[in-house]
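Hello,

Here is the structure I promised to pass on. Please open it and read my notes alongside.

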Amino acid sequence: MHRRTFLAASSALAASAALPPLALAADVNPLTASWTGPYGGVPAFDKVKVADFPAALDAAMAEELREVDAIANASAAPTFDNTIAALERSGRTGSRVYTFYGVWSSTLSSPEMRAVEQQMEPKLAAHGDKILQNAPLFKRIEAVYEARERSGLTPEQQRLTWLYWNRFVRAGAKLDPEAKARVAAINEELAGHFTTFSQNLLADETDYVLYLTSEDELAGLPADVRAAAAAAAEAKGRKGAWAILNTRSSMDPFLTYADRRDLREKVWRTYYSRGDNGDAHDNNAGIRKILKLRAERAKLLGYPTHAHWRLENTMAKTPEAAMALMMRVWPSAVARVREEVAEMQAIADKEGAKIKIEPWDYRYYAEKVRAARYDLDMNAVKPYMQLEKLREGMFWAAGQIYGFQFAQVSGVPVAHPDIRVWEVKDAKGDHVGLWYFDPYAREGKRSGAWMNAYRTQEKFDGKVTTIVSNNSNFVKGAPGEPVLISWDDAETMFHEFGHALHGLNSDVNYPSLSGTAVFRDYVEFPSQVNEHWLPTKPVLDQFARHHQTDAPIPADLVAKIEKAHTFRQGFDVTEYLASALIDMKLHLAGDADIDPDAFEREELAKLGMPPELPMRHRTPQFAHIFADDGYSAGYYSYLWSEVLALDAVEAFEESPGGMYDKAVAKRLHDHVMSVGNTVDPAEGYRAFRGRDPDVKAYLRDKGFPTEV
């Protein structure tokens, strides 16, 4: 999710605000102007010019500093309204500018935009520190915090007060001036390294392409994969060829289906060498610096390591707790990999391949195992997986669980012609928010799938509705032809839509507590739960329709998918956990001088990493932890959240109505989806489930032993 304001994603991205934007900025620069139009105002994406970003950001920062200084230097005694609520009202212009900035940097990157990022990211980091290290401001926040339990504040106001106090303390508000200055310098330097890391990775994803020119090179590739490769080649000016791009959405199907082992190896090595080629875009030196700076900052802030600092405000609380959960699962995952490799090796031997299974063989031979053991060919599933039909299925399920209604709208500005917009209403027909959908890959768009909030929900100064988006990298099909996606991609789409639903369900007063602004190891919980409406019978019967005949997906094919549910869990869990464990180990190493490649290799060997597969994200391309601080020492969060999610799914499955049980859905809405960060997530989960989560639900889902 994109960064919002400089107070750590606190202020709403709202058009309506108590403090108006700078008149000069609004008059001169469209990026700083209040949002106008329907739905409480919409982003003027049609007015964006990259050249306007520096001035807009400078104006927004100057305005926010004036707002903050007015709060810090107020003569009246500090109260919740004149300090905490006032901070919630500040930074509105910056929030709007950051919406545009985030969209352009992540989905419309260009040399000009990357130059803006290099120029502005250090300045933005320094600006944030000016606020977080403002001594008079913190003194007022602390006064409100110390009086929070005796000053008549609501529980939500008390939590917001704690959030501000905690954020400032963790950023160094109590440090001496020298230490504050050093923390600020570190943050500014890190911002530059983060930008360089991201741009290096994007360069390797953009610049490396494998062009295929003969039928022999295409052997084994299904028609839709061939069509996507042909379209990618044509987009790059090579009509008549087929292009395998250096992105996951292009690499994964090629490694799954291509018969040419030499080409599979080439694609695999290119993809897993991103950021690690010893050239101008190599990320290893930058990672070394990032790790050193993070370790120094943690020490200055009073923590043993960066990992201890990052995990203090999480459900896990400590790196030790996160490591304990990961190592509870790791042996079962690795044991399953050994079983999977043995099955694949047996098939390869039977076919006379005369090979030893290597990482570029795993996906290919796993499909052969799937066909042999379950009589399941995922190519037989794909004709039923139409992107637009499945989007309708997401809408339908959200209507059943949350009462939402979706209607596509026109006349709303978008950043790219591929983007479409839907209005979301509740069961009573009242406006809830807008949902923007940006589904297709393009030059300058980072790989993967994610959710953004352009504006967060709030109501403390009047009702402000949310604007959310989902972004994917599906390969656009030929005109008039439906886009077919894999089962895995469909799960990912439902997952990311779960984040959007978390934002759309939000019903809180203050923007800092709204929607997805929750602990890192809790935020994936709603999205992971949402994946589990995809395989339900109502969704598949209505929306998994054959792209040519409109016939529903056959019941026997669905039964095979269900039977194969635990298939390849060794690969999926191990490649993920390897990345999560290396992330945590890197950030528990303190100020050790780390060679990223050597550290990765040596630590994986100590863990007993099977040689037949890599980490999901190798260190030089691990954007989750090196493109910003976001998931640093936090990639474990997906496992932590999935434990919650699968335990929650069992709550539905144990109920009379199954996955559509109204009572369980209401508890999920009331205690998870609507409350944002107004309650401690552990308390919210207990209110939903009636107890703490049980890891055995996760182990059962994966087919792993539940007893150790």
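Helices α3 and α7 are roughly perpendicular (65 to 115 degrees) to each other. Helix α3 spans residues 80-89 and α7 spans residues 155-170. They pack at an angle of about 70°, with axes 11 Å apart. Axes are lines fitted to C-alpha atoms over the stretch in contact, and angles run from 0 to 180 degrees between N-to-C directions. Helices are DSSP runs (H or I, at least four residues), numbered from the N terminus.

This is a predicted model: local features need pLDDT of at least 70, side-chain atom pairs count only at pLDDT 80 or more, and totals for chains, interfaces and linings use all residues. Residues are numbered from 1 along each chain as its sequence is written, and side-chain values use heavy atoms, without hydrogens and water.

Which residues meet where α3 packs on α7? From α3 come Phe80, Ile84, Leu87 and Glu88. From α7 come Gln157, Leu160, Thr161 and Tyr164. Contact means heavy atoms within 4.5 Å.

Next, α23 (residues 596-607). After α23 comes Gly608, with a positive phi near 80°.

Last, Ser514. Ser514 sits in the loop between α18 and α19. Is Ser514 buried or exposed? Ser514 is buried, with a relative accessible area of 2%. Ser514 touches Thr456, Gln457, Ser506 and Val508, leaving out residues up to four places away in sequence.

Best wishes

Technical notes: Helix = DSSP H or I, 4+ residues; strand = E, 2+ residues; numbered from the N terminus. Parallel < 35°, antiparallel > 145°, perpendicular 65-115°, else oblique. Buried < 20%, exposed > 50% of the residue type's maximum accessible area, 1.4 Å probe, protein only.
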